[in-house]
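Subject: Structure for your files

Dear colleague,

Here is the structure I promised to pass on. My notes follow below it.

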Amino acid sequence: MINVDNSTVINSPILIISTWWKQLAYRHKSAEFLLYFMFVSGVLLWDKIALSWQLSRWLLPLHMIIGVTLFSIIVGAFWSSHRKLITKSKKAFLRQTGTLIEWLLVVCTLSGFYLFFYGNTGNSISQLIQDLHFYSSWLLAPIVFRHALRWSILNFRK
Amino acid sequence: MLKRLKWPLLLVAISLLQLLSVSASASEKSASLLFNSDKSKIFSANFDAGSISIINRDNGNTISEQTIGRDIRRIAYAEKQQLLLASDFQNNKAILLDAKTLSVKKAINVPARPFGVIFDNKNQQFYLTSFKENKLLTVSLTGEITHTINTEQTPRGLALTDDGRLLVSHSLSGQVSIYDVNAEQPALKSVIQLIDTPSNKTKSVPQGKPRLLDNIAISPDGTKAWLPHVLWSFGHDFQFQSSVFPTVSIIDLTPDNEHEITEQRKQLFKQINIIESGNKVRIVSNPHDVLFSEDGKKVLISLAGSEDLMVFDLSREASANKKAKKRKGKKRHRRKKFQGGAKVTQIYRNVPGDNPKGLLIDGQELFVQNAMSLTLAHFNTGAAGPFAKLKLTQGNFADLVNHDPLPAQVRLGKTLFNQANSEKNKDHPMAGDFWMSCNSCHFDGFNFTNKQLMKDATKDKFSNAITGHVDTYKMIAGDPVAAYIDIIQKTQGGMGADPATSETLTAIDMLNPPVAVAKMMGALNSYVRTQENLPYLSTWLKLDDDKKYAHPKEWLSSAQCKDCHSTIYDQWADSNHGMNMDHPYYRYQENLAAELEGEEFRVLCRGCHTPQMVINNDNSALSEFGDMWEKNAASLNAAYQHGTPVNERGTGCVFCHRITEAEDAGGNTDLTVNIKDRTSYIFEDSNNQFLQWLAKKQINAAPKAHKASYSKPELYQSSLYCATCHNEFTTGPGAKINDNFGEWLASPFNSPDDPSQHKTCIDCHMTQDVTNFDNKVSGQSTDDGPIKSNMRSHHFAGGNYYFTGMRNPEHKKLSIDILKTALTLSVEKQGNTFTANVTNANSGHDMPGGARRQVWLEVIATDASGREVFSSGVMNNGYIPKDARRFIKIGVDKDDKPVGLRFWRYVKLSQDTRIKSGQTRQESYQLPSNIQYPLTVKTRVLYQVFAKGLTEKVRTAFPKEKIPEPEVIELVNVKKEYFE
């Protein structure tokens, strides 16, 4: 009987989703990897790096397409799940950096969407948005790394 | 005893001192052939083979060969570091190599046409000249450009004295610059202008301007520099025996007193005492490289055209100098003008191989590098002394390349282009009596040097406007084989046309040449049509690519640009540069050209009117696609919506914005367009709409690369950019048909030192306020883009209100507005003489600027009763009366008949009453004497884009086309009343 009950419980779609959602808050690797990927690919498109056009012409659509698809879905889902841990965290540092990351993610992602769908046509607003995208990413990546230091995929010591 | 030994000891001491001074005065020169440090190997720059070879000096075997570029002209050797620096002339690169392995260490982008290169051991740096961009560069041992110095025009050869003076020869201006290179950055000391040899009534006597300077040799004692070159004597029509004279100029290198020793100039053939059989002076052509023998007593010069080696004996020069001094001391009167003493003692005729250029000497061994056959010949110079003769030891001592990258046909053509050796192809030689090759004037082929050629050959255009070949058959393109034979016969005395050989040779019939000649001319045509020359023959348009033609799909449709640049696109689409440059008037003219000169000649017109057709090899008739009434390039938009690539008529966005170079050859579309290297975003060229959308998103997200790829502001700001099409000359004869650029250069608008006055083409024709060129109007060239303080309008407002007016009233207004700003009019009356003063006050070129434009004065005088008492220039049924005062240029053909629409056949001007920029024309009229005052005189300057006669012809040719009457525009008017 127990087995039947258990089976009923386990097979409930809501419960499955709920469990997956809760677990997702701890499955940071894909999201973190994508965030770093977006940061690195974005930096490589920076004029100062002067990457050859043959590489950057491929990197640009990759950055853009992954940004609006995989990044938005995976990081979006992860962060939505993960933010409960942040708000409930007893550690002030994680709460503070988490909140900062959240705001930076909003700024960086929304500006990215703007640049994707509207672009930087050279006027003042689009220039400002490009700057927001650029500078927010420079803050976002190291803060994420510091925030997730112990569990970070870049923590090679673990 | 001591007394007895005194003199011999002194002589020995002097000899030793001389020897020491020789070794201490070793100098460097830019070269294509060099020894390695122990002289066991020879480095060879293999010209158009694009490689460098290392040859075993003893047996001529190739030790290694490395292809490093496209056209390696010179190499310099840094011995200690075992480095070579090579100049790649066609690729605009300098290449740093390991001298042992020939592996490339660095390819350096340098200003256009790098040529001379030399290593400065003291400063441990290379010097390099940019022939086209007029620069002298210093390059470090790591391949960094450390200094870029502006020089006089066309710097080419280099030589370095041991006391730190760098000599730079300026090929087309006949100058030698001397730089102090004791410091790291060269500092200009002086510029020596070689003299023009004065003109002589006898045209075959050497005379003319020093041109084609290149190699420089400094004497072992460092006191003199020898520069072989030619004299261009172009004050008359081109003709062998009177146009090009080989010459050697001598420079005195006394520090701080460097100057040309004019009396020692070797005016070949005065100083050539070599008499051939028949008591005839031996003729040589195209002197190239020059070397001193190690003892300094001989000078050897290669003759690249006639394919000879020439030996000067300097031991005579010394004695002549002594004699001269002696004479001076004894105050004896001069019997004869001193000509420098040194004279040619030997001409070694028929150097094995083709086109002998580079020379290299060691002791009695002389190596001669053939640039066309890419071989090395080996000679023995003989012992010291005036009677020693140069002897050939091995004709084909070494093959410089394993594989010639040029197709055999092109190689043959290029060899013929450089050949003036009348011994070769003896029955139909390229030149009569070794005089000149094509390259004697068309230096390095067909490129920017053409401008100097035309400049030096400019004569009084009212007696002779031709600067090139006379009466070109079928304008070359219509029948290249016959035309080349004709040119070779008339200009070079080749193909049996030399009167001196009339008994032994028959002049080739250009319309029925022997097969061998036809093959030769076919090969010559192949070379002329290479990418570096005139790939499309009649036009100077070039595609920067390895292939000759592009595919329509390689272009972006201008309609695609509309998505983000709608304002600019709309301006362009209805403009005269838009999609309608194949209008009926144009088609009528092009058809006439093809009918008279051959189908291929259409390309001359299409280079500017439909360049994409030329580049895409589309020879179809201009009957479909678009018409002059079509608004906003509708058919182009429709084609774009359907994803159909088209050959745009007119100059489209990609064409103009991918012009990478204005050649400055004199016009005729002398520009290079590059479509292969534009920064194409992923999916940008796709026909799929979603993928294209994605491409646009990429451009918008990161537009810098896009902007950089389609923008070259420094080129657009230069009037030279527009001159590529708005300057035209006849193909072959080189008579200037249209010279808007030259007119602008001479105008007050060309004032680079006064920015308030200085205006280039786009400052007037691409401004939004055409009534006030100083009013910079802001705007956006990109939708939602930044506000530019001086947005360049793409209306291209000019004198043709007719076509643009059919499509867009705004364009018509702009055109009429700019026309009305050009002239001012004032009138005066003294007695019965009425004078109209017309001033070209606001146009940077002659007025009118275009070929078909009608500008004339209309004067109507009425008396007190309103009766017309005088009139001039009043149109009669749409025609301008013949006695009207017109501002017009009329060219005539060789039979003195006005050329009209056959403008490419004009040989001189019969009339040029156009008003130059800044000038005033006074036109006086005699009024009748018995006039009832007050007298009212109405004076107008009228303008019509096409004469009625032409319109009628075009209507007849294209009866289905709706061709309106071009309206007459009043540019200015003055109405004045006189009471006596």
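How many residue pairs are in polar contact across the interface of chain A and chain B? The rule finds seven, both residues of each pair being at pLDDT 80 or more. A polar contact here is a pair of N or O atoms within 3.5 Å; within protein, one must be able to donate a hydrogen and the other to accept it, and residues adjacent in sequence count only if both atoms are side-chain atoms.

This is a predicted model, in which local features need pLDDT of at least 70 and side-chain atom pairs count only at pLDDT 80 or more, while totals for chains, interfaces and linings use all residues. Residues are numbered from 1 along each chain as its sequence is written, chains are lettered from A and ligands numbered from 1 in the order in which they are written, and side-chain values use heavy atoms, with hydrogens and water left out.

The interface

On the side of chain A that touches chain B, α4 (53-88) and α5 (92-117) of chain A each supply at least two residues. Helices (H or I, at least four residues) and strands (E, at least two) are DSSP runs, numbered from the N terminus. The largest share of that side, seven residues, comes from α4(A). By class it has 10 nonpolar, six polar and two charged residues; Ala, Val, Leu, Ile, Met, Phe, Trp, Tyr, Cys and Pro count as nonpolar, Asp, Glu, Lys and Arg as charged, and the others, Gly among them, as polar.

In total, 18 residues from chain A and 19 residues from chain B take part in the contact (heavy atoms within 4.5 Å). The two chains bury about 1,600 Å² between them, 63% of it on carbon and sulfur atoms; this is the accessible area (1.4 Å probe) lost on putting them together, summed over both.

The rule also finds one salt bridge across the interface, meaning a side-chain nitrogen of Lys or Arg within 4 Å of a carboxyl oxygen of Asp or Glu. B:Lys704 forms a salt bridge with A:Asp47, and their closest N and O atoms are 2.6 Å apart.

Strands in chain B

Strands β8 (residues 93-98) and β9 (residues 104-109) of chain B pair in the antiparallel sense over five bridges; two strands pair if DSSP finds at least two bridges between them. B:Lys93 stands opposite B:Asn109 in β9(B). The hairpin of β8(B) and β9(B) has five residues between the strands, and B:Leu102 takes a positive phi near 60° there.

An open, antiparallel sheet of four strands has the order β10-β11-β12-β13 (chain B). Its edge strands are β10 (114-120) and β13 (145-150) of chain B.

Regards
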